[in-house]
Amino acid sequence: MIKFKIDGRTVEGKEGSTVLENAQALFIDIPTLCYHPELSPFGACRLCTVDVKTNAAWHLTAACETPIEENMEVVTNSERVEEARKLAAALLYRRYPKTKAIVDIANKLGVTDDEVPPKDDERECILCGLCVRTCREIVGVQALTIHDRGLGRELEQAKIDFKADACIGCGSCAYVCPTSFVKMEDYGNKRVIWNKAFTMAACSVCGRYFVPEEQLEFIAKKTKTPLQDLLICTSCR
Amino acid sequence: MEKVVFSSWDGKIFDNRQGTEDAVKTELPLGIPSPQKGGEVAAIVSWNGIIVNKPQADVVGLLIAYLQEARKLSCGECSVCSLGIDEALLIIEGIRNGSSSSAELKRLEGIVALVRENAKCSFGRVAALSPLADALEYFEADFTNCAKEGGDKGTLRYQSWVGAPCMQACPAGIDIPGYLELIKNGRFLDSLNLVRERCVLPGVIGRACTNPCESACVRGTLDAPLAIRLLKRYVADAELANGGGILPTNEAKEEKVAIVGAGPAGLAAAFYLRRFGYGVTIFEALPKAGGMAAFGIPDYRLPKDILNYEVDLIKRMGVEIKLNTKIDKLDWQGLQASGYKALYLAVGAHAGTKMGCEGEDTVAPDFVQGVDFLRELVLGKAVKQRGKVAIIGGGNVAMDCARNCLRLGFEEVIVVYRRSETEMPASSTEIKEAKEEGVKFEFLKAPVKIVRKDGKLVGIECISMELGAPDESGRRRPIPIKGSETMFAIDMVIAATGQKPELEFAAKAGLAISDWGLIKVDEQNQVTNIAGVFAGGDCVTGAATLIEALASGRQVALAIDAYLKGEVFSRLPDIDWGDARQQHDKGFVVKIPRQETAHLAIEERSKSYEEVERGLDAAAARAEASRCLRCYRLVVWA
Amino acid sequence: MRKPVGMEVAVAAAEAVALCRPDVIAVYPITPNTHIAEHLSEIVANGHLDAEFITVESEHSAMSAVMGSSGAGARSFTATSSQGLMYMHEVLPIASSMRLPIVMAIGNRAISGPINIWNDHSDIMLQRDIGWISLFVENGQQAVDMYIQAFKIAEHHDVLLPINVNMDGFQLTHVVEPVIFPTQEEVDSFLPVYKPLAQVHPDKPLSMGTLGLPEIYTEACRARDYALINSKRVILEVWEEWEKMFGRKYEPVTSYRTEGAEILLMTMGSMTETAEMAIDELRDAGRKVGLISLKLWRPFPFAELREAIEGAKLLIVTDRALSYGGPGGPVCAEVRSALYHEAHRPEIVNYLIGLGGRDVKVEDFIKIIEAAPAADKRGDAYQIYGVRE
Amino acid sequence: MATLKTKRTMGKFENFEIFAPKLLNKEEFFSCGHRACQGCGEALAIRLMCKALGKDTVIVNATGCMEVISTLYPTTAWRLPWLHVAFPNAAAVASGVEAALKALRRKGRIADRDVKTTAIGGDGGTVDIGFQALSGAMERGHNILYICFDNEAYMNTGIQRSSATPFGASTTTAPSGKASIGNKTWKKNVPEIMVSHNVPYVATACHSYPLDFMNKVKKARGVQGPAYIHCLSVCPTGWRSKSEEIIKLGRLAVETGVFPLYEVENGKYRLTVELPERLRPVEDYLKLQGRFRHLKKEDVAFFQERVNLEFNKLMNKVEHSKTWQELAEQK
């Protein structure tokens with residue numbers, strides 16, 4: 001166990017656990033947008049900002065990706081912290097004024113229209129990276145990546161890259177997407193996601209279309225089970 | 001040299017806009033860099049401060065330019081950096097074209113502070129908006145004037161420079177943060193292609209590079225530098241594992257270029273020239289392409305199939321490599337007659353240098369030059385000698401010889417070096433591994449005489465040294481101690497004290513040779529005293545590293561391209577942007593241990609030529625790559 | 001000495017409750033306690049009291065709601081009468097078993113059939129065995145005082161039991177009386193903010209109201225019984241503290257002109273003051289009579305009762321509820337069993353009076369006292385006064 | 001039926017086979033070791049509910065199986081604060097808890113956090129004896145979530161008939177016999193009644209669609225005000241079915257249209273679960289349950305007709321209902 005200070009309280013946390021995990025266990029409310037307990041931290045939204053003191057210097061940092069250290073001091077509720085969160089939220093709000101997830105949290109953090117008159121902008125993907133991490137860490141394929149920018153790679157706006165050939169159509173990204181930017185729709189034996197159409201396999205017992213063929217093949221390969229053994233839906237298993 | 005009117009370079013404020021400071025002090029104080037030596041630069045806006053040389057310089061315009069460049073570098077992963085830049089742009093452009101008031105500056109201040117304090121990567125923290133902070137403090141007047149005057153000033157023509165500590169340290173200037181980020185995102189092949197922009201032998205370099213980038217890595221000051229070399233190796237191996245790739249070429253041009261020497265410099269030039277569409281023929285004296293990469297670096301460091309694969313890729317681009325064709329007589333007219341419009345000499349430095357000790361002129365199988373020894377091993381010439389072997393020298397060639405000898409089954413392998421271990425030019429890993437494998441070292445000793453008994457070498461007489469004042473190389477000069485001569489009983493001696501090119505053929509052809517025995521070229525465009533004949537690599541620079549050779553190959557390719565297009569080629573000046581490692585406020589950086597890679601068991605090594613260092617796996621590579629702090633730095637000037 | 005104000009007692013009770021700063025109030029209207037609910041909601045509506053006022057859809061839900069709020073650690077109050085109290089009955093014993101310090105005002109009223117909205121004690125007497133503390137007030141001032149005391153008693157960590165304070169419907173709730181209010185400061189110092197021993201909250205999760213198998217049910221009953229019996233100690237302490245602060249004395253059993261009395265009259269609730277006038281009249285005529293009144297109904301004050309009847313030859317117990325087919329009134333039944341083992345116990349007669357709002361005047365008490373010596377004194381005998389045969 | 005087909009397949013939360021469940025909260029608030037029957041659908045549903053609610057929750061439990069099996073003094077299966085008073089009053093107790101938390105938070109006597117009060121009860125405690133308290137609490141607009149775990153009879157007391165018992169089911173108080181087919185009435189549609197209370201969020205759910213159920217609970221938790229979820233919970237004991245078939249039964253209930261899964265958000269009806277193009281015959285569902293064993297062909301036929309009717313009623317609402325906002329803006 002690691003001893004550290006949070007908002008003046010001296011507490012103990014598991015080695016390797018993050019500031020955010022510990023705060024949540026202590027019911028300390030820290031806003032998050034790109035955080036998911038089952039996924040690796042990403043530090044994208046900067047809304048979980050806290051003030052951390054290690055070796056004598058205070059730094060603002062994202063609680064989600066900051067592991068606790070012995071004798072570390074954490075402040076989650078100072079004016080400086082709240083100001084930083086609010087500013088970050090304001091920037092997001094300016095960019096995504098129509099996205100509910102953003103508007104809600106921005107309002108929660110006290111962002112108002114008169115401070116930041118929202119631009120008229122329909123963009124919905126807020127680049128939280130949840131889908132990317134889910135695709136990689138939970139599903140184990142890499143159909144989604146952040147299309148990175150950098151020297152000589154002039155891309156107007158950062159965006160999510162979809163590798164159609166890698167996608168198995170499981171829909172986990174649609175499930176995890178906080179803004180329902182990632183849409184998945186089933187039409188009978190067709191499923192459409194990221195504008196890629198999948199043919200759904202029918203349950204060999206009840207005939208319900210229950211899963212994309214690609215996904216079955218993927219699982220079959222992964223678990224080394226013959227495909228036909230997987231052709232039974234949860235209702236009929 | 002410009003007069004400096006204002007500078008906040010390195011956070012040191014120098015403000016002479018009122019003209020109070022006297023002229024003398026205004027001559028580039030505080031080591032302020034100058035992008036164009038002697039050239040006219042109105043102002044510089046950089047991650048490290050603002051420099052104004054001309055009072056009327058359009059600082060606001062430059063700031064906008066800076067932000068426009070910055071937004072390309074911002075990865076967009078964290079909200080504050082990319083959104084912050086865009087917001088800042090909006091505000092400043094607004095002020096510039098009068099659509100928003102200078103009251104907005106208050107909000108800008110907040111954003112600048114937020115991004116610098118809270119961005120995810122160190123580009124955001126250190127570069128993205130940094131000059132704005134200075135601007136808001138010292139150039140508020142300029143903003144308010146803009147606001148007053150209003151109206152668009154029109155876009156301003158500017159130049160920009162992007163670097164990073166690692167990129168600045170890399171002779172080839174590879175976009176290291178760029179390809180690391182691509183690895184992090186699992187885009188391995190994209191990453192490899194990015195590497196190939198500057199480094200055509202990633203598999204080779206990923207193994208045999210001296211990786212100066214790693215010693216410049218900012219993380220080195222926090223926990224441990226990134227394994228940049230191993231990551232390059234990983235993406236190269238990943239392509240190979242995927243069954244290999246192909247290198248793209250452009251539509252063919254009719255001009256042909258001849259290259260002498262299929263070493264790294266030659267291959268690199270061939271690659272770029274071919275990519276520009278030129279026909280390329282390489283003449284190689286030896287039966288294998290690769291130069292020092294093929295004949296200098298043993299298999300346990302660089303398995304030959306890796307080199308062969310990468311040479312093959314270049315061949316498949318349509319580059320013709322004529323092996324076993326030594327150019328004894330350089331016939332430029334003849335080549336031109338057969339359609340070659342330019343010639344590039346990259347013959348390398350394959351001859352050993354003299355040690356300056358008695359009896360080194362008698363060439364015999366028990367006394368050889370390191371480079372020759374290594375070459376002949378590769379050519380499969382058996383080594384009969386056994387017993388004790390002494391290797392003279394402290395460079396990588398010496399290490400290669402020594403470790404080879406162990407594998408050849410010599411009883412004892414001693415490295416004799418005239419300075420102490422700290423001065424050894426060989427890479428530290430080389431020395432470490434050599435020691436692990438059982439190589440013995442004799443420091444502060446220099447051979448004075450090779451002793452023979454009825455023809456057979458029986459030993460060397462060495463004199464002990466002490467270290468004096470540092471010489472021009474910065475290393476402490478060794479001084480012989482009178483009367484300290486001692487005799488070592490030795491069965492074979494390998495001299496590895498340095499290499500030089502063999503340039504008789506060039507001299508005969510009328511090429512200018514320097515006193516150092518190197519080909520003279522114009523440092524701007526690499527052309528020799530004969531028009532159309534270019535030179536580069538070791539034969540121009542003297543024995544250097546692989547990556548330097550690749551870099552020079554690229555430079556020459558660009559120069560030849562310009563020459564064939566009838567343009568004047570002038571390379572971007574290497575601007576000294578100060579200490580590559582300096583990085584202001586790193587912010588809070590989570591310490592993450594460096595991914596370590598496996599090595600062949602020590603007892604196994606002497607038995608075989610199997611590769612000693614193992615590569616990273618995909619997971620480790622991603623984990624390692626995501627340690628990168630992305631220390632991009634940006635400069636714009638006009 | 002602060003000046004008394006004239007006020008309807010129900011309203012005064014509401015004012016007193018408001019002085020206690022309850023957090024949650026849930027009341028369902030029923031005559032005659034409606035004025036308490038109405039006035040409290042008015043106080044809340046005017047912003048003079050910061051509390052959640054839940055306008056529940058039934059008495060059952062009223063009691064359920066305050067059990068919920070009390071369980072969550074809030075000072076909780078409700079009020080009802082008669083049928084409403086009967087409707088609550090299901091949950092009342094659960095409140096005491098969960099040790100929830102709820103305060104309930106009861107405007108006592110006869111229970112239906114025939115339907116009758118006027119005053120007697122048949123509603124509370126039917127709730128005798130629910131494990132609550134039960135107090136009776138005799139006038140407006142006592143109402144004001146006892147509601148404030150009630151919270152302090154209930155919330156004491158040695159008690160933590162629900163408590164009902166009984167006021168006779170109409171006879172008390174709807175009459176205007178002079179009352180003196182303590183100041184808010186005085187109440188705040190007498191009754192600090194409620195600190196729950198346990199509360200349902202995520203900060204310290206716990207399960208309240210779990211299932212008790214035969215293995216522990218008996219013990220649970222025993223525990224609750226002890227808690228109720230031991231609460232008397234705290235009640236006496238609180239009354240003592242009150243006397244020190246405000247000079248008004250409260251006892252489980254109050255004796256009025258009982259010195260050397262041979263005949264004792266016993267009353268509960270608003271009738272006590274009428275009875276006092278009867279006693280005065282007879283005493284002035286030189287008769288050896290006295291009055292004892294019961295303020296604490298549960299826990300039953302056995303010791304105090306025995307003390308109070310020392311030396312009396314005849315004890316007349318009045319009851320305002322009838323235990324049909326039983327030994328008469330429930331109060332008398334209690335008194336008889338309390339005195340059964342006393343060596344020198346008075347003879348006991350039981351009079352049932354004032355049922356369903358039937359008026360009882362001074363002369364009625366005199367008549368009873370005159371008739372009592374000749375009345376049937378067997379254990380199961382009782383007289384229903386003024387019944388028209 | 002083309003339009004219907006598309007309408008029927010607007011599932012966003014459904015059909016995430018295999019992977020999405022890995023994203024669920026690993027923390028357990030309804031711990032193992034309780035005394036529920038083998039294959040108890042209600043216990044499963046409660047476990048999922050707790051995961052979706054998270055730890056900032058107070059549970060108010062009506063008397064019933066769940067209270068009995070999970071809190072034998074001195075043990076408890078609950079890692080959430082839990083309160084049980086009686087059978088008919090879960091909603092009333094919850095309104096008290098909610099009021100208290102509101103007041104104490106306002107007065108700074110508890111942490112300034114949004115703690116959700118959630119009342120749970122079986123069908124008896126909800127649609128019969130607890131109905132008045134439920135109606136009152138919903139009508140008063142307390143910020144509480146009420147979840148009814150409907151196993152379609154008084155299972156705790158031994159499978160007596162409730163007003164949620166389906167037509168034709170044989171129960172101990174409505175047994176089938178020569179003169180009776182068992183329960184003669186059609187299941188009371190309580191979600192519909194809740195909609196009429198103008199509750200901003202009403203939904204039906206089933207433990208056999210865990211993600212759908214949990215997403216609905218999450219959604220309802222977010223509502224500032226009352227919310228109601230009616231969760232069909234298979235009871236193998238009372239339905240006389242196989243313990244290992246509860247998931248299947250839940251799915252069949254949905255796929256046959258006997259218990260369609262939908263949500264009503266601010267008045268707008270929406271199917272949340274992808275249904276087969278043609279509903280499966282109810283017989284598939286009935287034949288797996290002993291309580292329907294005695295039904296004759298014509299009974300099943302009647303059952304089927306009524307299911308079709310009820311389903312069409314629902315689809316009609318799905319197709320034509322508008323949100324209150326939309327209706328407010330309507331000229």
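**Reading the chains and their contacts**

Guide: Gladly! The contact between chain D and chain C takes 42 residues from chain D and 40 residues from chain C. Please keep in mind that this is a predicted model.

Visitor: What makes two residues count as a contact here?

Guide: Their C-beta atoms, placed from the backbone, have to lie within 7 Å. On the side of chain D that touches chain C, strand E1 (57-61), helix H3 (65-70), strand E2 (82-84), helix H4 (90-106) and helix H6 (131-140) of chain D each supply at least two residues. The largest share, 12 residues, comes from H4(D).

Visitor: Which classes of residue make up the side of chain D that touches chain C?

Guide: There are 26 nonpolar, 9 polar and 7 charged residues on that side. Among the 4 pairs of chains that touch, chains C and D have the most contacts.

Visitor: Why are strand E9 (residues 207-208) of chain C and E2(D) called a pair?

Guide: Pairing requires that DSSP find at least two bridges. E9 of chain C and E2(D) have 2 bridges, in the parallel sense, so they qualify as a pair. Within E2(D), D:Leu83 stands opposite C:Met208.

Visitor: What is the strand order of the open sheet in chain B?

Guide: The order is E8-E7-E6-E9-E21, 5 strands with parallel pairing. Strand E8 (320-322) and strand E21 (533-535) of chain B are at the edges because each has a single partner strand, which leaves one side of each without a neighbour in the sheet. From one strand to the next, the twist averages 20°.

Visitor: How many bridges join strand E6 (residues 256-260) and strand E7 (residues 279-283) of chain B?

Guide: These two strands of chain B pair in the parallel sense over 5 bridges, and the pairing rule asks for at least two. B:Lys256 stands opposite B:Gly279 in E7(B).

Visitor: Which helices lie on this sheet?

Guide: Among them is helix H13 (residues 264-276) of chain B, which lies across E6, E7 and strand E9 (340-345) of chain B and runs at about 165° to E7(B). Helix H22 (residues 546-564) of chain B also packs on the sheet, touching E6, E9 and E21 of chain B, and its direction makes about 160° with that of E9(B).

Visitor: What share of chain D counts as buried?

Guide: Of its 331 residues, 56% do; the cut-off is 20 or more other C-beta atoms within 10 Å of a residue's own. Among contacts in chain D between residues at least 6 apart in sequence, 70% join residues at least 24 apart.

Key: Residues are numbered from 1 along each chain as its sequence is written. Chains are lettered from A and ligands numbered from 1 in the order in which they are written. This is a predicted model: local features need pLDDT of at least 70, side-chain atom pairs count only at pLDDT 80 or more; totals for chains, interfaces and linings use all residues. Helices (H or I, at least four residues) and strands (E, at least two) are DSSP runs, numbered from the N terminus. Ala, Val, Leu, Ile, Met, Phe, Trp, Tyr, Cys and Pro count as nonpolar, Asp, Glu, Lys and Arg as charged, and the others, Gly among them, as polar. Axes are lines fitted to C-alpha atoms, for helices over the stretch in contact, and angles run from 0 to 180 degrees between N-to-C directions. A residue is buried if 20 or more other C-beta atoms lie within 10 Å of its own, exposed if 12 or fewer, and partly exposed in between; C-beta atoms are placed from the backbone.
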